[in-house]
Amino acid sequence: METSFAITGKGYVIVAADTTAARSIVKMKVDEDKIKTLSPHLLMAYSGEPGDTVQFAEFVERNIRLYQIRNLYPLRPSAAASWIRRSLAQSLRSRKPYSVNLLLGGYDTATHDPHLYWVDYLGTMTEVPFGAHGYGAYFALSLLDSTIGEGLATLRRCIEEVSKRLVVSPGKYKVKIEL
């Protein structure tokens, strides 16, 4: 029952994810942070199988940090998205693929543009102005499509819509903004 949303605007990316960790009908935790800060201008919201998500998110976080240490500059959002997509595609062809869906948002300091990438567990990646994953995506995508450009107000409407319509709606969300 995981839900994550992301929106781009003029000079910013807003990423939100629910904070519930559940398995089947059992809610195990209500304060799980499902958004990783990969670098000063790069955020990643993740959802999927509980063990896979945490392991893959930490793998990505540490490898992007290693790149920054080795090269003395952080990866740009497009390069990070390509590397993450390739890592998911390679794991798909292994014996233990990661079952992880991602929203990668970042601000490119070279071009001064925000970028948002939608990545699924099959290694499919595309750059989008807004995105959503999970059961909440069924309700939120139409709202995001019709009201793009309003930022936090649009995100608030998406969260309200999901909590009103989804039978087992998440209680809390964590929102992070990348400028």
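This is a predicted model: local features need pLDDT of at least 70, side-chain atom pairs count only at pLDDT 80 or more; totals for chains, interfaces and linings use all residues.
Me: Why are strand 5 and strand 9 called edge strands?
Reply: The open sheet has five strands in the order 5-6-7-8-9, with antiparallel pairing. Strand 5 (35–39) and strand 9 (125–127) each pair on one side only. From one strand to the next, the twist averages 20 degrees.

Me: How do you know that helix 2 packs on the sheet?
Reply: Contact means heavy atoms within 4.5 Å. Helix 2 (residues 77–92) touches strand 5, strand 6, strand 7, strand 8 (113–119) and strand 9. Its direction makes about 165 degrees with that of strand 7.

Me: How do you know that the span of helix 1 agrees with its number of residues?
Reply: The expected span is 1.5 Å times one less than the number of residues. For the 22 residues of helix 1 (residues 50–71) this should give 32 Å, and the end C-alpha atoms are 32 Å apart, so the two agree.

Me: Why are the buried residues of helix 1 said to line one face?
Reply: Buried means under 20% relative accessible area. In helix 1 the buried residues are Thr 53, Phe 56, Ala 57, Val 60, Ile 64 and Gln 68. Viewed down the helix axis, they fall within an arc of 105 degrees, and therefore line one face. These buried residues pack against strand 5, strand 6, helix 2 and strand 7. The face turned away carries the exposed residues Gly 51, Arg 62, Ile 69 and Arg 70.

Me: What makes strand 3 and strand 4 a pair?
Reply: At least two bridges are required, and three join strand 3 (residues 21–23) to strand 4 (residues 26–29); the strands therefore pair. They form a hairpin with two residues between them, and Ser 24 in the turn has a positive phi of about 60 degrees.

Me: Which residues touch the most other members of the largest nonpolar core?
Reply: Of its 19 residues, these are Leu 38, Met 44, Phe 56, Ile 64, Ile 84, Leu 102 and Leu 104. Strand 6, helix 1, helix 2, strand 7 and strand 8 each give two or more residues to this core. Apart from it lies another core of 16 residues, including Phe 5, Ile 14, Ala 16 and Leu 144.

Methods
Residues are numbered from 1 along each chain as its sequence is written. Side-chain values use heavy atoms; hydrogens and water are left out. Helices (H or I, at least four residues) and strands (E, at least two) are DSSP runs, numbered from the N terminus. Axes are lines fitted to C-alpha atoms, for helices over the stretch in contact, and angles run from 0 to 180 degrees between N-to-C directions. Buried means under 20% relative accessible area, exposed over 50%, partly exposed in between (1.4 Å probe, protein chains only). The arc is that of the directions from the helix axis to the C-beta atoms. A nonpolar core is a set of buried Ala, Val, Leu, Ile, Met, Phe, Trp, Tyr and Cys residues joined through side-chain atoms within 4.5 Å.
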